Amino acid sequence: MATAHRMSHADAAWLHMDQPTNLMVITGVLWFDEPPDWEGVRERIRERMVEPFPRFRQRVVEGTGPLSGPHWEDDPNFDPDLHFHRVALPAPGDPAALQDFVADLMANPLDRSKPLWHFHFVDGYGDGAAMVARIHHCIADGIALGRVLLSLTDESPDAGIAPADDSAAREESGGPLRALLRPAAKAVSLARDAAEALAHEAIEVGKDPSHLRDLAADAREDAAAVAKVLTMPADPPTALKGELGVAQRVAWSSPIPLDEVKAIGHASGTTVNDVLLTAVAGALRSYLEGRGTQVGELTAVVPFNLRPLDQPLPPELGNRFGLVYLPLPVGIEDRRARLDQVHGRMEQIKHSPEGAVSYGVLDAIGRTPVQIEKRLVDLFSTKGSAVMTNVPGPRQPVYMAGTPVRGVLVWAPCSGGVSMSVAIFSYAGEVTLGVMTDAGLVPDPERIIEAFEPELSALASEVS
């Protein structure tokens, strides 16, 4: 008989947010200038992801009673090879072809009779290749999955796939959980370093678990924060709002030197995150004006990590994050004034209990019967116009089975009536912007991408 483990309430909430028009699947894309050794990639995924974390060998089974929730069950027929798919990219094999391929995958639900993840190995991307990972949100949040995916890479092209030795594992985990750290020690270091970068450059609680406890305690007492999360009005009607369809569109930018972004932040006394979000707000302003829409603000739904970053990931992974609402001042034409507004609002969010409050709301939603749960999810998840993530990846190039990774993007899924997910990923001294949209509402996300880099250039001129 298969072993069953009850799903946490927060994970259940993300499972039940699945809709044909908004699948709760985190999608990551890595691309390479030359084809990797795909068999070596498979081995790294087996050794470093599937073996240490049981969720990648388990399927979801819904409870049968009216109040019983879903649980995890070992898949008796689990075969990792069923989750690997090797495909050839259609001609001409350019970025547009890869973007179309990724968009088509995003519209396909994962098979719930099997563990909820897949990797597509894509040949024929120019002279190189690409890899697309799709993992359901109920398995883990994006920060945790980012750490897992980074552990698949190495700092050098000739690194093996042997597990870390005991001394490295003890140093990393403090002893009791060292069996989880099966990747090579350098791969573990990559994931840790990237997590530490998140604490400095993204919206994070940070590495101090006591701060997490204090924040959670404040959240329980902060009625104003609860009221804001539950009663915040929906964004005004724009070209980003409307009835969603199944089809998706994807576009991403060419890499932009990260030093240019840092220079803007240094000159203005703001952060890299502030600068990038200000440029995104300007690009959205340009796009909406082109669609005949003018609006003062759009609300971005931003993940807020609640997991201490100095500890190993638990074997059950799971979701330990909340959502905060960032009003983007797209109506402000003056870029410096827009940057100051974004910076001020980000500072308020970093010291607010909203992230912990929203996690508590999600946990409560996951405790309700499915019929009520769906109504609460709609109330909770339709506040904004876009989901936005900014993830700093490794500062130096990394390798997948000996092949250098050229670029990376990871999209968080939308939920409810949200039509757009914006992903910003910094890697090896460059930053890339990716936009995923509902094809019916925003059929041309490349126009948002095209407006992003000129916004950065203009912002640099205005703050210098």
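How many of the 13 residues of helix 2 (residues 38–50) are buried? The count is 11, so helix 2 is mostly covered. Buried means under 20% relative accessible area, exposed means over 50%, and partly exposed lies in between (1.4 Å probe, protein chains only). The buried residues of helix 2 are W38, G40, V41, R42, R44, I45, R46, E47, R48, M49 and V50.

This is a predicted model, in which local features need pLDDT of at least 70 and side-chain atom pairs count only at pLDDT 80 or more, while totals for chains, interfaces and linings use all residues. Residues are numbered from 1 along each chain as its sequence is written, and side-chain values use heavy atoms, with hydrogens and water left out. Helices (H or I, at least four residues) and strands (E, at least two) are DSSP runs, numbered from the N terminus.

Five strands form an open sheet in the order 5-6-7-2-15. The pairing is mixed. Two strands pair if DSSP finds at least two bridges between them. Strand 5 (84–88) and strand 15 (407–411) stand at the edges with a single partner strand each, so one side of each has no neighbour in the sheet. On average, neighbouring strands of this sheet are turned by 15 degrees against each other, direction ignored. Helix 2 packs on the sheet and touches strand 2 (25–32), strand 5, strand 6 and strand 7. Contact means heavy atoms within 4.5 Å. The direction of helix 2 makes about 160 degrees with that of strand 6.

Strand 6 (residues 117–125) and strand 7 (residues 128–136) run antiparallel and are joined by eight bridges. Y125 has G128 of strand 7 as its bridge partner.

Strand 17 (residues 430–438) is mostly covered, with eight of its nine residues buried.

| Partner strand | Bridges to strand 17 | Example pair |
|---|---|---|
| Strand 8 (residues 248–252) | five bridges | V250 with M436 |
| Strand 9 (residues 256–257) | two bridges | I256 with V431 |
| Strand 16 (residues 420–427) | eight bridges | V422 with V435 |

Strand 16 and strand 17 form a hairpin with two residues between them. A428 sits in that turn. Phi of A428 is near 50 degrees, a positive value in a residue other than glycine. At 27% relative accessibility, A428 counts as partly exposed.

## Two helix pairs

Axes are lines fitted to C-alpha atoms, for helices over the stretch in contact, and angles run from 0 to 180 degrees between N-to-C directions. Angles under 35 degrees count as roughly parallel, over 145 as roughly antiparallel, 65 to 115 as roughly perpendicular and the rest as oblique.

Helix 10 (residues 272–290) and helix 11 (residues 335–350) have axes that come within 9 Å and cross at roughly 125 degrees. The two helices are therefore oblique to each other. Their crossing is right-handed. A crossing is left-handed if the near helix is turned anticlockwise from the far one by less than a right angle, and right-handed if clockwise. Helix 10 contributes N273, D274, V275, L277, T278, A281, G282 and R285 to the contact, and helix 11 contributes R335, R338, L339, V342, H343 and M346. These residues divide into six nonpolar, four polar and four charged. Ala, Val, Leu, Ile, Met, Phe, Trp, Tyr, Cys and Pro count as nonpolar, Asp, Glu, Lys and Arg as charged, and the others, Gly among them, as polar.

The axes of helix 9 (residues 258–268) and helix 14 (residues 446–463) also come within 9 Å, crossing at roughly 30 degrees. Helix 9 and helix 14 are therefore roughly parallel. Helix 9 passes helix 14 in a left-handed crossing. V261, I264, A267 and S268 of helix 9 meet L456, L459, A460 and V463 of helix 14. This contact has seven nonpolar residues, one polar and no charged.

## Backbone and loops

Most residues other than glycine have a negative phi, and most peptide bonds are trans. L317 has a positive phi of about 55 degrees although it is not a glycine. L317 lies in the loop between strand 10 (298–305) and strand 11 (321–328). L317 is buried, at 5% relative accessible area.

The peptide bond from A91 to P92 is cis, with omega near 10 degrees. P92 is in the loop between strand 5 and helix 3 (95–106).
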